[in-house]
Amino acid sequence: MTSLVLNSSNISDLSSLANLTDLTDLSLRSNTISDISALASLTNLQVLDLYENTINNISHLAGLTNLNSLNLGYNLIEDIGYFSRFNQDLPAL
């Protein structure tokens, strides 16, 4: 499986996704996710949609170097310093 869509599924715990390391496209829109540390192991992700959750810490995304599209709209992100590494590498920020 390389693509997974779990939008509006009342998900708050992502630990069961940590072993899906072949994923390239993951959409988790409109859930109740606050902790995204389990996504750190998904290094093949190219598209990640976390729109409308309760995420405030995105430091766990630092190792996802294959991302080319990232949607974090309508979250509670406190520090956007993480984005400085993307400069021009992430066209759909």
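# Briefing: one arginine and its surroundings

Arg29 is partly exposed, with a relative accessible area of 29% (partly exposed lies between buried, under 20%, and exposed, over 50%, using a 1.4 Å probe and protein chains only). This is a predicted model, so local features need a pLDDT of at least 70 and side-chain atom pairs one of 80 or more, while totals for chains, interfaces and linings use all residues. Residues are numbered from 1 along each chain as its sequence is written, and side-chain values use heavy atoms, leaving out hydrogens and water. Let's start with the whole chain and then return to Arg29.

**The chain as a whole**

- The chain has 93 residues, and 33% of them count as buried.
- Of the contacts between residues at least 6 apart in sequence, 11% join residues at least 24 apart (contact means heavy atoms within 4.5 Å).

- How many salt bridges does the structure hold? There is 1 (a side-chain nitrogen of Lys or Arg within 4 Å of a carboxyl oxygen of Asp or Glu).
- The salt bridge joins Arg29 to Asp49, and their closest N and O atoms are 2.5 Å apart.
- These two partners come from distant parts of the chain, 20 residues apart: Arg29 sits in the loop between β2 (25-27) and β3 (47-49), and Asp49 belongs to strand β3.
- Asp49 is buried, at 13% relative accessible area.
- Arg29 also lies over the face of Tyr51, 4.4 Å from the ring centre (the test asks for NZ of Lys or CZ of Arg within 6 Å of the ring centre and within 35 degrees of the ring normal).
- Val5 and Arg29 are 24 residues apart along the chain, and their C-alpha atoms are separated by 8.5 Å.
- You will find Val5 in strand β1, residues 3-5, and Val5 counts as exposed at 53% relative accessibility.

**The aromatic pair**

- A search of the whole structure turns up 1 aromatic pair (rings of Phe, Tyr and Trp, its six-membered ring, with centres within 6.5 Å; planes under 30 degrees apart are stacked, over 60 edge-to-face, and the rest tilted).
- Tyr51 and Tyr74 make up this edge-to-face pair, with 5.4 Å centre to centre and 70° between the planes.
- The pair links distant parts of the chain, 23 residues apart: Tyr51 is in the loop between β3 and β4 (69-71), and Tyr74 is in the segment after β4.
- Is Tyr74 buried or exposed? Tyr74 counts as exposed at 64% relative accessibility, whereas Tyr51 counts as partly exposed at 23%.

- Leaving aside neighbours within four places in sequence, Ile36 is in contact with residues including Leu14, Leu50, Ile55 and Ile58.
- Leu23 lies in the loop between β1 and β2 and is buried, with a relative accessible area of 0%.
- Leaving aside neighbours within four places in sequence, the contacts of Leu23 include Met1, Leu4, Leu42 and Leu45.
- Ser3 is another contact of Leu23; the two are 20 residues apart in sequence and 5.7 Å apart in space, C-alpha to C-alpha.

**Spots to look at in the loops**

- Ser8, in the loop between β1 and β2, has a positive phi near 50° although it is not glycine.
- Ser8 is exposed, with 58% relative accessible area.
- Ser30 is also a residue other than glycine with a positive phi, about 55°.
- Ser30 lies in the loop between β2 and β3 and is partly exposed, at 26% relative accessible area.
- Thr65 sits in the loop between β3 and β4 and is exposed, with a relative accessible area of 56%.
- The C-alpha atoms of Thr65 and Gln46 are separated by 8.4 Å, and the two residues are 19 apart along the chain.

Methods:
Helices (H or I, at least four residues) and strands (E, at least two) are DSSP runs, numbered from the N terminus.
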